[in-house]
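Colleague: I am new to this structure and would like to learn how to read it. Could you take me through its features one by one?

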Amino acid sequence: ALPPAPQCALLGALLLRLEGVAIALYALMGLHMRRWLAQARGQRLFNRGCAVLLTGAAAGLLASRRAA
């Protein structure tokens, strides 16, 4: 096993690399969504999809019990 300092450095470098990949994927999705959302049909489908996700999240919160 390596000493803690190199392990932390390796973990930090790996985290930064994965974060860079995630940011690149978000940028690519944004480019695709920009073209799709330029049309009224795409906006309508996007809004309906978001509404379904938010409704599902609300239903999950309503169904969950809060510990006393």
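**Burial, shape and surface**

Modeller: Buried residues make up 1% of the 68 residues in the chain. Keep in mind that this is a predicted model.

Colleague: What does "buried" stand for here?

Modeller: A residue is buried when its relative accessible area is under 20%, exposed when that area is over 50%, and partly exposed in between.

Colleague: How many helices and how many strands are there in the chain?

Modeller: The chain has two helices and zero strands. Its radius of gyration is 20 Å, well over the 11 Å that the globule rule gives for 68 residues, so the chain is more spread out than a compact globule. Along the principal axes, its C-alpha atoms fill a box of roughly 55 × 45 × 10 Å.

Colleague: And what is the accessible surface of the chain?

Modeller: It comes to about 6400 Å², and 70% of that belongs to carbon and sulfur atoms.

Colleague: Which residues make the nonpolar surface patch?

Modeller: Such a patch takes residues with over 30% relative accessible area, and nonpolar side chains are joined within 5 Å. In this model Val-21, Leu-25, Leu-28 and Leu-31 make a patch of about 370 Å². Leu-28 sits in helix α1, which covers residues 4-37.

Colleague: Why does Leu-28 count as exposed?

Modeller: Because its relative accessibility is 56%, and the cut-off for exposed is over 50%.

Colleague: Ala-27 is in helix α1 as well. Is it buried, partly exposed or exposed?

Modeller: Ala-27 has a relative accessible area of 45%, so it is partly exposed. The C-alpha atoms of Ala-27 and Val-52 are separated by 24 Å, and these residues are 25 residues apart along the chain.

Colleague: Now the cysteines. How many disulfides does the structure hold?

Modeller: A disulfide needs a pair of cysteine sulfur atoms within 2.5 Å. The structure holds zero disulfides.

Colleague: Are Cys-8 and Cys-50 exposed or partly exposed?

Modeller: Cys-8 counts as exposed because its relative accessibility is 56%. Cys-50, with a relative accessible area of 29%, is partly exposed.

Colleague: Where is Cys-50 placed?

Modeller: Cys-50 lies in helix α2, which covers residues 40-63. Val-21 is one of the residues of the nonpolar patch.

Definitions and conventions. Residues numbered from 1 in each chain as written. Predicted model: local features only at pLDDT ≥ 70, side-chain atom pairs only at ≥ 80, totals over all residues. Heavy atoms only, no water. Patch = residues over 30% accessible without salt bridge, like charges linked within 9 Å, V, L, I, M, F, W, Y side chains within 5 Å. Areas by Shrake-Rupley, 256 points an atom, 1.4 Å probe, with all protein chains shown as cover. Salt bridge = Lys/Arg side-chain N within 4 Å of Asp/Glu carboxyl O. Helix = DSSP H or I, 4+ residues; strand = E, 2+ residues; numbered from the N terminus. Buried < 20%, exposed > 50% of the residue type's maximum accessible area, 1.4 Å probe, protein only. Rg over C-alpha atoms; globule rule 2.2 N^0.38 Å.
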